[in-house]
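Good morning, and thank you for coming.

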Amino acid sequence: MKRKPRRKVAVIGAGLSLFMRRALETGKELSYYAASQALETAGVRLKDIQAVVMATAPDAFDGVHMKGDWLLDGAGGVRKPYTRAYVGGGSGVFSIISGWTLVASGLFDLVLVVGEEKMSSCQPHPQGAFLTIFDHTIERPLGPNLLWIFSLEQHRYMSSYGIRNEDIALVSVKNKRNALNHPAAQVAANLSVKDVLASDVVAWPVHRLMVSPVSDGAAAIVLAAEHVARRLSEKPVWVQGVGWSLDTSYWGNRDLAYPRYVERAARMAYGMAGISEPRKEIHIAEPYDPFAYKELHHLEGLLLADRGKAPDDLARGRFDRTGELPTCPSGGLMGVGNPIAAAGVMKVCELFWQLRGEAGARQIPGNPERGVAQAWGDLMQIGTVAVLGVH
Amino acid sequence: MRRQRDNATTRSIAVGGLARVEPRVWRGAMPVQFLYTAGAAGERFFQTLKRKGIFTATHCEECRLTYLPPRLYCERCFADLSDTWRDVTPVGRVYTFTIVHVDREGGPLSSPELVAFVRIDGTDGGLVTRLLEIAPEDVRIDMSVEITLAPPRKRRGTLEDILGFRPARSVAKRPFTRR
């Protein structure tokens, strides 16, 4: 980071649609529900919004080419400067980074950020669309899908550090249980490790209940410059730091046991936030958990656990809602659901509610003052990180 | 994925003064199909069309806009329009039209097709549609047209229920005046 931005930016409103398997509502309508709720909680009207950032992942999920533009009216972007933030699965958290740059730069004072995905459109399965993210010459002739890659990565992670599949299944148990208290949740459940490991093997060592579902949904936040945030909000939640980083797009040239791209993104965000000891200074984390092992993998990349030791921390309750560092208190993608870009924005919404003490039955104890949200995506090699806090 | 050897592999072409071999190519596809929903507003629009043979629109009082196709919200002010439904007679005026001579791949059509954008009377919107029962040379911008629907029993609540628009038999009265 060359220079610290001078303008402070706050989140002053958040909104969420239900996450579900198949919505009657179009992606535009889902976006409208989330966006209008975010505006209402922020106490602003659409005409006050100066620019809109729309996060939505591959066009093929909704089955609409250039869907960022198609979603325009549902996101409130008509007749306004409007940008699509699109870094695959990382889009949700990247959209906050995009919105933040628009405000921190001094260009705008009030920006609406919306995330949407309607994956039920894509048949027989969104994996058909994912096929074409693989290199057409050296990978696609094999007919790969994402499950291959995640399973290969999880196995390398397990073998590098001596982790058992039982340790990883515990992430599904925790997150699906946390989601029981989330009103928008799609796949909340009270399960045991045994239940998770009794579910079908989709690609060993990954079992079905260690994979997030296909979902429809939308989420939104309102970002404001400091002088506007202080006027409009009694409890603004400040974006203290943002970071993102991409590793090489070649699988063979990456470290699969440790997500270095997440560490680079985290170090950028922590530097901006003035955090030198993340484990002491961060009170709540929403790491990206599309697969169970990914939460642990990402917590290590976020420097919130020692390498290979996140499973031990999980087993001793450190990441429980009442633990030392609650992780995915929302229920995460494993419990609330995974409408890709919307899921990342949902994580920021959760930090907003938790840091304001408004998370209801999900509220973590101890008046948390700072949290981190992280997402991951692109060609499985981007880390996007945002640090939010009450000061 | 099947790797294909292109027949032209050995054919030389000149690039920037240098002769080079045309590259080998192979094919790929994105193996997906789509299942769409009409949405909350769209479902009501098409069910009304199917059952009653008329359009239904939503209205924003503040922005003085009538949305057709209907929307649940106003795109200008984000007002909730879910209680503002009104019936609309499916008549309108040709806002613009074209006569299509070639298909998507550029091949000739056996007979040219008349495609128009029809503004629906009493609304601020309209539909792209086919023009029926009229020769291309007789179409005029702003002429009045009315809907031709599939017979009630054949309607499925989709866009295909609208066969097209034809010249209005009597000059349609505007249901109400805007602005």
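Which residue just after H1(A) takes a positive phi? The residue is Gly43(A), with a phi of about 70 degrees.

Before I go on, a word on conventions. This is a predicted model, in which local features need pLDDT of at least 70 and side-chain atom pairs count only at pLDDT 80 or more, while totals for chains, interfaces and linings use all residues. Residues are numbered from 1 along each chain as its sequence is written, and chains are lettered from A and ligands numbered from 1 in the order in which they are written.

Let us consider chain A as a whole. Chain A contains 15 helices and twelve strands; these are DSSP runs numbered from the N terminus, with helices being H or I of at least four residues and strands E of at least two. Its radius of gyration, taken over C-alpha atoms, is 19 Å, close to the 21 Å that the globule rule gives for 391 residues, so chain A is as compact as a globular protein of that length. That rule is 2.2 Å times the number of residues to the power 0.38. Of the 391 residues, 61% count as buried, meaning that 20 or more other C-beta atoms, placed from the backbone, lie within 10 Å of the residue's own; 12 or fewer make a residue exposed, and anything in between partly exposed.

I return now to H1(A). Of its 16 residues, 14 are buried, so this helix is largely enclosed by the rest of the structure.

H1(A) also brings us to chain B. The contact between the chains takes 25 residues from chain A and 21 residues from chain B, two residues being in contact if their C-beta atoms, placed from the backbone, lie within 7 Å. On the side of chain A that touches chain B, the largest share, four residues, comes from H1(A). Strand S5 (122–123) and helix H5 (127–130) of chain A are among the elements that give two or more residues.

S5(A) is joined by two bridges to strand S3 of chain B, residues 33–34, and the two run antiparallel; strands pair if DSSP finds at least two bridges between them. Within this pairing, Gln123(A) has Gln33(B) as its bridge partner.

Finally, is Glu133(B) buried or exposed? Glu133(B) counts as exposed, because it has 11 C-beta neighbours inside 10 Å. This residue lies in the loop between strands S9 (126–130) and S10 (144–149) of chain B.
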